[in-house]
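Subject: Structure for you to look at

Hi,

Here is the structure I promised to pass on. Have a look at it first, and then read my notes below.

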Amino acid sequence: FGAVQYGALFASGLAQSIPTRQTATISVCLKNLYRALSDCRTLLRFGDSISMYASAFDSTTRSKSSNSIMKLIDIVSNLADYIYFPLEHIAWAIDRKVIVYWENSSPWWDRSVYFWFLSILCSLVKTVLLWVDIIKRKGEIPAESRRKIRKEEYWVILNFFMNIFSLVMAVHYLPWGGKLERTYLGLMGVLYSSLKLWKMIH
């Protein structure tokens, strides 16, 4: 879903850059598809909330890391996720008039993005620390025994770039963040979703 959603946004931006009536219409249609898929993914996250909370709680309580900094990062990241998802669902429900107590959803979207940004930042810091640890361990073992640790490093590097692409998108949505053009935002989403799909397949 993510790759298709951001692919539609990327293609919409490309079509918008071509100044003709036909491409302008295509751009609007693709942007509408992006928004529809975004709504769909928000609903799917709402349906998966309980399992995600359970998974986050389990990862926090069963963390085997002896590094106190890593444990703290895990706790902060999971707390950010706990708070982010309800805020996103409330904002979405206000926009769709499911909740009518509040008329303006912008403060709720802004708060949700702050916690999304915090969660990604925690994941990025954790990935960098893991990468540094792997580099350190690589230097302590013989070259012929590094096959397993190279595979571990491969996945850490993959996570690093996923976090970078996700962080760029989060900064775009922050109230004080720099706004990307539609094409570049879509490209970041496509790259992130493609790496995530590759990780799931392998």
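**What I found**

Let me start with serine 112, which is found in helix H5. Keep in mind as you go that this is a predicted model. At 2% relative accessibility, serine 112 counts as buried, because the cut-off for that is under 20%. Leaving out residues up to four places away in sequence, serine 112 touches Tyr84, Leu87 and Glu88. Proline 86 is 26 residues from serine 112 in sequence, and the C-alpha to C-alpha distance between the two is 8.2 Å.

**The chain overall**

The protein chain has 202 residues, of which 32% count as buried. Its secondary structure comes to seven helices and zero strands, so if you read the elements from the N terminus on you get α-α-α-α-α-α-α. Take the contacts in the protein chain with a separation of 6 or more: residues 24 or more positions apart account for 67% of them.

**H4 against H5**

Two packed helices are described by the angle between their axes and the distance between the axes. For H4 and H5, the angle is about 155 degrees and the axes are 7 Å apart. Angles over 145 degrees count as roughly antiparallel, which is why H4 and H5 get that label. Their crossing is left-handed.

Valine 76 has its place in helix H4, and at 28% relative accessibility it counts as partly exposed. Setting aside neighbours within four places in sequence, valine 76 is in contact with Leu118 and Cys122. Valine 76 and leucine 118 are 42 residues apart in sequence, yet 8.3 Å apart in space, C-alpha to C-alpha.

Aspartate 74 also lies in helix H4. Is aspartate 74 buried or exposed? Its relative accessible area is 15%, so aspartate 74 is buried. Aspartate 74 and lysine 126 are 52 residues apart in sequence, and their C-alpha atoms are 8.3 Å apart.

At 7% relative accessibility, serine 105 counts as buried. Which residues does serine 105 touch, not counting those up to four places away in sequence? The answer is Ala91, Ile94 and Asp95. With aspartate 95 there is also a polar contact of 2.5 Å, joining the side chains of the two residues.

Lysine 97 is found in the loop between H4 and H5 as well. Lysine 97 is exposed, with a relative accessible area of 58%. Its phi is near 65 degrees, a positive value in a residue other than glycine.

**H1 against H7**

Now to the other helix pair. The axes of H1 and H7 come within 7 Å and cross at roughly 155 degrees. H1 and H7 are therefore roughly antiparallel to each other, and H1 passes H7 in a left-handed crossing. On the H1 side, the residues that meet H7 include Gly2, Tyr6, Phe10, Leu14 and Gln16. On the H7 side, those that meet H1 include Arg182, Leu185, Gly189, Val190 and Ser193.

**The nonpolar core**

In soluble globular proteins, nonpolar side chains tend to be buried together. The largest nonpolar core in this model has 19 residues. Which residues have the most contacts inside this core? They are Trp116 and Met169. Helix H1 (2-16), H4, H5, helix H6 (147-173) and helix H7 (182-201) each supply at least two residues of this core.

Apart from its neighbours within four places in sequence, methionine 169 is in contact with Tyr6, Trp116, Leu185, Met188, Gly189 and Tyr192. Among these, Tyr6, Leu185 and Gly189 also turn up where H1 and H7 meet.

Cheers

How values were computed
Residues numbered from 1 in each chain as written. Predicted model: local features only at pLDDT ≥ 70, side-chain atom pairs only at ≥ 80, totals over all residues. Heavy atoms only, no water. Buried < 20%, exposed > 50% of the residue type's maximum accessible area, 1.4 Å probe, protein only. Polar contact = N/O pair within 3.5 Å; in protein donor to acceptor, adjacent residues only side chain to side chain. Contact = heavy atoms within 4.5 Å. Helix = DSSP H or I, 4+ residues; strand = E, 2+ residues; numbered from the N terminus. Core = buried A, V, L, I, M, F, W, Y, C linked by side-chain atoms within 4.5 Å. Axes fitted to C-alpha atoms, helices over the stretch in contact; angles between N-to-C directions. Parallel < 35°, antiparallel > 145°, perpendicular 65-115°, else oblique. Left-handed = near helix turned anticlockwise from the far one by under 90°.
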